Amino acid sequence: MRDLLQEIWESLRRNKVRTCLTGLAVAWGIFMLIVLLGAGNGLLNAFLADGLDFASNTINMGGGVTSKPYDGLKQGRYIQLKDEDTDLLRQPPFSEKVDLVSTNVSKSGYTMTYGRRYFNDVILSGTMPADLEMNRIQMLAGRFINDRDIAEKRKVIIIPHLHAKNFLSGGTDYDKLVGQRVKVGNLSFTIIGVRHGAENQDDRNLYVPYSTVKSMFGLGNDVDEITFSFHGLKTAAEGEAFENQVRATFNTAHRAAPDDRRAVWIWNRFTQNLQMEKIKSILIAALWIIGLFTLVSGIVGVSNIMLITVKERTHEFGIRKAIGARPGNILKLIVTESVLITAFFGYIGMLLGMIACEILNMTVGRSSVEIFGQSMKMLDNPTVGVGAAIGATVVLIVAGTIAGIFPARQAAKVKPIEALRAD
Amino acid sequence: MLIDLKGVHKTYDNGQPLHVLKGIELQIEKGEFVSIMGASGSGKSTLLNILGILDNYDEGEYYLAGKLIKDLSERVSATYRNQMIGFVFQSFNLIGFKTAVENVELPLFYQGVNRHRRHKVAMEYLEKMGLTGWASHYPNEMSGGQKQRVAIARALITHPEIILADEPTGALDSKTSVEVMELLTRLNREDGVTIIVVTHESGVANCADKIVHIKDGLIEKVEDNRMHHASQFGTDTVMK
């Protein structure tokens with residue numbers, strides 16, 4: 001191997017400028033591939049960030065309005081979900097698949113006051129402990145609602161971190177707020193936790209125990225939303241079928257057509273998540289394809305140069321073959337040379353690409369833009385992972401081999417008599 | 001019998017067929033010093049290529065050290081060339097970007113001999129050629145005679161069955177030519193190396209013990225030249 005490398009080194013040393021120019025094409029190809037993938041990742045991370053705020057194996061439901069007449073009732077009838085509806089999920093055929101169930105009622109239009117600071121138009125969202133897991137609520141201080149809060153209908157509250165920050169005059173020592181009291185409307189609540197909310201003022205959900213909201217406002221057994229998690233589903237088709245089963249059951253319970261998609265509003269995060277994953281993988285694949293096509297020009301360059309090299313060295317290969325070089329020896333020499341050029345310059349390109357991604361991360365990644373009144377990051381963590389780096393390495397080696405194989409076969413085919421005659 | 005050619009025919013087909021060898025019968029024993037003479041176009045280069053397993057033949061049989069050399073794959077013929085044949089060319093055919101010792105090492109490289117041993121053996125052969133001091137020089141830093149001696153060292157390093165020399169003095173001046181032929185003669189006499197020299201110079205041919213005259217693709221005559229009186233120039237001058 002050392003001999004092989006030395007042979008290649010000698011050959012490259014004799015053609016420095018040519019080798020570097022070829023290498024530049026490869027480096028550029030890989031650079032573009034990495035930057036494309038990095039920027040693509042950043043875009044996806046930024047746009048799909050919201051999609052990760054909940055567990056993907058959940059379904060979220062709310063009441064709707066019937067869109068067709070059924071069972072002697074007219075269309076346009078409002079469907080109100082009830083507490084009893086959750087019992088449906090605890091019975092066959094759902095009982096074996098459904099894990100956590102959470103119900104939610106909310107009341108909006110209140111003002112939250114803490115000392116002299118206040119927030120208008122907040123939402124009191126009565127929820128259950130299971131919400132913590134299903135909606136991936138991240139606690140920054142204190143705790144989430146527990147079963148005793150529900151049982152004792154405690155007046156406790158969890159506030160988003162932006163509100164907490166405001167209460168602390170910009171500070172982030174959220175623990176200080178735990179145990180403090182805030183007023184929502186005329187009612188007083190004890191803060192038991194601060195959660196990570198959205199990075200804008202639109203997140204005005206204040207979580208309180210479900211039973212507390214129910215009794216405070218005398219809501220009877222009305223439910224705004226039912227969320228439940230499940231297991232054992234794999235494909236989008238299975239998710240779809242499960243959703244239809246849920247719809248049929250709930251619709252029937254509320255005397256709506258089993259296939260009425262508007263009677264009960266269902267958000268199937270499972271299938272949505274699968275679709276998003278699919279879109280994501282398609283986008284990544286598209287980026288790879290574009291990147292690889294950029295790389296192709298580099299590969300053609302290497303191949304071209306190797307062909308010229310082989311032409312120039314025909315006489316030398318003739319000598320080598322005359323004194324006993326097998327075709328395989330020559331093939332290996334050229335392919336290895338090609339792989340080395342590609343890999344060496346490819347890694348330079350990859351390194352520069354990763355540096356470029358980091359620069360992107362530090363500049364564009366830090367800034368955000370206003371889209372439809374929402375502040376949004378343009379790129380979120382636009383870098384490539386270890387997977388992409390390994391992928392690029394494989395691509396480089398494959399590319400180098402492909403670039404080298406054609407010239408190498410030319411070289412291996414050299415007939416010693418013809419080569420030796422050509423002096 | 002080291003070399004045994006039986007009715008070897010060779011036709012080149014470049015547009016119109018050219019029958020170059022028309023039934024060559026030739027036997028060479030181990031340790032012989034043979035020269036093959038003939039005018040250009042007589043077929044002597046083709047014969048040399050066939051002897052050197054660089055080219056195929058169409059009809060007949062060629063045995064080298066008991067092995068039938070016919071329709072071999074590139075791979076096998078390369079291995080046979082490496083193990084059984086040492087080439088010495090008119091234009092030396094050294095690799096320009098390799099030093100003298102690296103050139104000599106090359107056949108052993110293709111035998112998979114490790115680098116340390118290769119170097120040691122190559123240095124021994126260079127010493128034998130009186131070129132120890134030139135080991136790390138590149139071919140373009142050496143004279144023609146030195147280059148040809150490097151080439152001879154490279155040919156000898158694998159202990160081949162035969163040394164095939166194709167106009168070995170063709171690119172050398174007369175003084176150097178004499179030296180190179182003396183060297184080949186000494187290798188034959190002292191080490192018993194079988195040598196076949198292809199030439200059109202009678203002086204060079206006269207160094208050999210046996211002269212094979214080839215004409216129009218056939219062996220015209222095989223001359224016993226142990227007295228070295230073959231050529232009219234042979235008696236006093238060696239060549240040219």
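## Two spots in the backbone of chain A

A:Pro93 sits in the loop that runs between helix H3 (85–89) and strand E3 (98–114) of chain A. Helices (H or I, at least four residues) and strands (E, at least two) are DSSP runs, numbered from the N terminus. A cis peptide bond joins A:Pro92 and A:Pro93, with omega about 5°. Another place to look is A:Arg136, in the loop between helix H4 (131–134) and strand E5 (139–142) of chain A. Phi of A:Arg136 is near 45°, a positive value in a residue other than glycine.

Before you go on, here is how to read the model. This is a predicted model, in which local features need pLDDT of at least 70 and side-chain atom pairs count only at pLDDT 80 or more, while totals for chains, interfaces and linings use all residues. Residues are numbered from 1 along each chain as its sequence is written, chains are lettered from A and ligands numbered from 1 in the order in which they are written, and side-chain values use heavy atoms, with hydrogens and water left out.

## Salt bridges

Side chains of opposite charge can pair when their charged atoms come close. A salt bridge is a side-chain nitrogen of Lys or Arg within 4 Å of a carboxyl oxygen of Asp or Glu. By this rule there are 29 salt bridges over all chains.

One of them links A:Asp222 with A:Lys82, whose closest N and O atoms are 2.6 Å apart. A:Asp222 belongs to strand E10 (residues 222–223) of chain A and A:Lys82 to strand E2 (residues 81–82) of chain A, so this pair ties together parts that are 140 residues apart in sequence.

## Where chain B touches chain A

How many residues does each chain bring to the contact? Chain B brings 25 residues and chain A brings 26 residues, where contact means heavy atoms within 4.5 Å. The area buried between the two chains is about 2,400 Å², and carbon and sulfur atoms give 55% of it. Buried area is the accessible area (1.4 Å probe) that two parts lose on being put together, summed over both. B:Phe97, B:Tyr110 and B:Arg115 supply 31% of the area that chain B buries against chain A, more than any other three residues.

Two salt bridges are counted between chain B and chain A. In one of them, the side chains of A:Lys321 and B:Glu74 meet at 3.0 Å, N to O. On the chain B side, helix H2 (74–84), helix H3 (100–109) and helix H4 (115–128) each give two or more residues, and H2(B) gives the most, with six residues.

## A pocket lined by both chains

Rolling a probe the size of a water molecule over the atoms shows where empty space is left. On a 1 Å grid over the protein atoms alone, a cavity is a set of points where a 1.4 Å probe fits but cannot get out, and a pocket is an open set with protein on both sides within 12 Å along at least five of seven lines; lining residues have an atom within 4 Å of a point. Grid points are joined across faces, edges and corners, and a volume is the space filled by probe spheres set on the points.

The second largest pocket holds about 640 Å³ of space. Of its 31 lining residues, A:Ile417, A:Arg421, B:Ser45, B:Asn49 and B:Asp166 are the closest to the centre. H1(B) gives the most to this lining, with five residues.

A search of the whole structure finds two cavities of 30 Å³ or more. The largest cavity has about 70 Å³ of space, and its lining includes A:Ala322, A:Ile323, B:Arg81 and B:Phe87. E6(B) provides the largest share of that lining, three residues.

What is the volume of the second largest cavity? The second largest cavity comes to about 50 Å³. Among the residues that line the second largest cavity are A:Ser11, A:Arg18, A:Met306 and A:Glu337. H9(A) gives the most to this lining, with three residues.
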